[in-house]
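Please examine the sequence and the structure shown below.

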Amino acid sequence: MCMEATPAGNHTNSPDYNLTGLIYDAVLNASLWPQLLEKMASHLNMPPSINGVISGHSHDVLSDHFKRAVQIQQKISEQETLSDAFSRILNQLPIGIILVHRDASVVASNQLADDILKKTGHLLIQQGRLQINSTTHTKELHKLIRKSFFSEQAEPITISIGQAGEETSIWVTASGSHHADLHHADLHNTDLHNTDLHNTGMLAAVFIHSPHLQHKIPLAAFAAKYQLSRAETQLAETLLSDCHTLNNAAEHLGVSKHTVRAQIKSIFSKTGCSSQVELIKKILTSPSTLIYAQRKSDRLTEYKKYRDGDDRCMRLYDGRKLAWKEFGNHEGKPVIVFHSLTGTHPDYSLAKAMGIRLIVPERPGSYGSDPLPDRSFMDWPGDVKQLLNHLALDTVSIVSFSAGTPYALACAAKIPEHIDNMVLVNCMAPIRSLQDLDGMLPLNRTAMSLAYQSPTLFIDFMRVFLDDLKQDSASYFRNISEHQPSNDIAILADQSVQEHFMRSFQTAAKENFQQLCEEISLCASNWPIELSHYNKPVSIWHGTADPLVPLPMGQRIAEQLRKPVTHFIEGEGNYLIFNYWQAILTELVSHH
């Protein structure tokens with residue numbers, strides 16, 4: 001075997017080696033992210049080669065390690081996501097479920113099953129194995145679980161534990177097999193211990209029903225699907241919740257046994273079931289049963305009058321959907337808001353008291369708006385103009401915040417006839433070189449540097465960052481707060497601000513990841529927007545201590561505009577808009 005020679009010296013102390021190790025460590029330990037970001041920022045600030053690009057060898061090595069680390073993180077994240085989704089699904093089911101291995105060791109259970117175990121005492125988990133409160137029943141349960149893994153056919157029979165009227169009912173099934181229930185004859189006549197069981201990776205599901213704890217199951221959608229009569233629906237509801245036999249159901253409903261038998265026969269015919277157990281299973285696993293409550297809620301909101309913050313949408317000429325929200329006075333002065341990257345914003349309800357109509361459109365691919373492939377900032381004015389036509393508005397004022405700046409400037413350049421005036425808050429500027437990122441927080445500088453120089457590596461970086469942010473958001477807020485002015489620290493400590501920030505990034509990570517990366521990449525480019533012909537009133541508000549969008553960016557934008565009014569607020573940071581929101585709106589209204 002031929003091996004490449006290694007240069008003399010201890011390579012394990014080299015900056016590249018230490019950074020590589022830290023990349024893998026941070027993937028598995030979110031608390032190391034601040035240290036990783038600081039070292040990456042230092043690495044990216046190393047003297048570049050020709051044309052300002054990082055050394056090719058160093059760049060390639062860093063990119064390869066990031067890709068491998070991302071693959072590890074993706075596998076971990078996929079398993080966590082699958083586990084979370086699985087838990088949510090189990091908890092939505094209106095019956096207790098415990099998933100077990102063939103030795104009855106418990107893998108997972110839903111909340112209703114946990115509640116039944118605590119309330120009834122009929123079942124328990126000891127040394128990790130599911131048991132019943134009698135030795136005989138426990139042995140039968142364990143044999144049943146093992147049998148369920150290979151049973152091809154089994155007549156559905158339910159065991160009842162407890163006193164009459166308080167029975168806890170149990171049945172078991174394994175994936176790929178039919179129902180297998182506690183049937184004494186079958187269990188005692190089968191030698192399961194010496195049987196070669198197949199599909200050992202499968203799990204068995206133990207279904208539990210108790211009259212002590214049960215969810216009310218809405219059957220309206222199920223009944224409509226199978227065209228059940230009102231009386232038949234009532235019988236099905238009774239069998240699900242109050243009674244387990246037809247005789248008890250007849251007594252509960254105040255009808256004859258003959259009537260109940262006729263009704264159950266009709267139900268079987270309409271639903272294609274042949275037994276009561278099969279009917280109950282069909283009801284419990286029917287999508288119409290599980291999603292009925294959500295569908296009912298949707299119908300209630302479909303025809304309601306719009307309120308502040310309600311989602312609205314329209315179809316653009318090219319077929320894309322444009323989403324937006326509105327706040328304030330519908331008859332007031334119209335102001336369009338181009339929000340920041342995360343959509344974090346001040347109190348929009350202030351607009352109503354000031355007689356302002358705030359309109360907040362969502363950019364392509366974000367929060368309900370359809371994506372636009374290969375878009376640029378200059379595509380945005382066309383969408384805005386169609387929105388104004390849809391709302392029957394000739395002109396509007398514009399207020400932009402941080403990453404919303406280039407969208408506002410694009411409108412100023414392309415549709416100035418529709419703009420009364422503009423306010424740009426903590427405005428971003430085009431990135432001409434890495435020096436334009438001076439003064440940024442390490443995280444922002446690292447992300448913007450990667451987006452500017454290496455889009456592929458940037459996407460890997462964002463994927464890892466978002467995964468770790470999901471796991472440990474508290475560390476993120478602690479880290480960025482260390483570099484913020486006091487006013488911003490107070491705002492970031494607000495739980496509602498943190499929750500909005502996290503929701504925005506979680507939505508982006510889950511639904512709009514590519515669009516989020518595209519948005520940052522657009523901001524990290526040298527976007528050419530010609531502003532020399534724009535002559536409408538414009539003002540710039542910028543904090544002198546902003547560590548996310550440094551003051552020199554705002555000053556550069558001011559230089560490109562004709563006689564802008566500038567408010568460079570001493571000591572304020574990136575969240576200046578929260579503290580000066582009323583003053584900003586007042587300035588907009590004053591030009592009306």
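Which residues in helix 18 meet which residues in helix 22? Phe458, Ile459, Met462, Arg463 and Leu466 of helix 18 meet Phe513, Gln514, Leu516, Cys517, Ile520 and Ser521 of helix 22, where contact means heavy atoms within 4.5 Å. These residues divide into eight nonpolar, two polar and one charged; Ala, Val, Leu, Ile, Met, Phe, Trp, Tyr, Cys and Pro count as nonpolar, Asp, Glu, Lys and Arg as charged, and the others, Gly among them, as polar.

The model is predicted: local features need pLDDT of at least 70, side-chain atom pairs count only at pLDDT 80 or more, and totals for chains, interfaces and linings use all residues. Residues are numbered from 1 along each chain as its sequence is written, and side-chain values use heavy atoms, with hydrogens and water left out. Helices (H or I, at least four residues) and strands (E, at least two) are DSSP runs, numbered from the N terminus.

Two packed helices are described by the angle between their axes and the distance between the axes. Axes are lines fitted to C-alpha atoms, for helices over the stretch in contact, and angles run from 0 to 180 degrees between N-to-C directions. The axes of helix 18 (residues 455–471) and helix 22 (residues 513–523) cross at roughly 120° and come within 11 Å. Helix 18 is therefore oblique to helix 22; angles under 35 degrees count as roughly parallel, over 145 as roughly antiparallel, 65 to 115 as roughly perpendicular and the rest as oblique.

A second pair is formed by helix 10 (residues 257–271) and helix 11 (residues 276–284), which pack at an angle of about 55° with their axes 11 Å apart. Helix 10 is therefore oblique to helix 11. Ile264, Ile267, Phe268 and Thr271 of helix 10 make the contact with Gln276, Leu279 and Lys282 of helix 11.

Strand 14 (residues 538–543) pairs with strand 15 in the parallel sense over five bridges. Within this pairing, Ile540 stands opposite Thr566, and Trp541 has His567 as its bridge partner.

How values were computed
Pairing = 2+ DSSP bridges.
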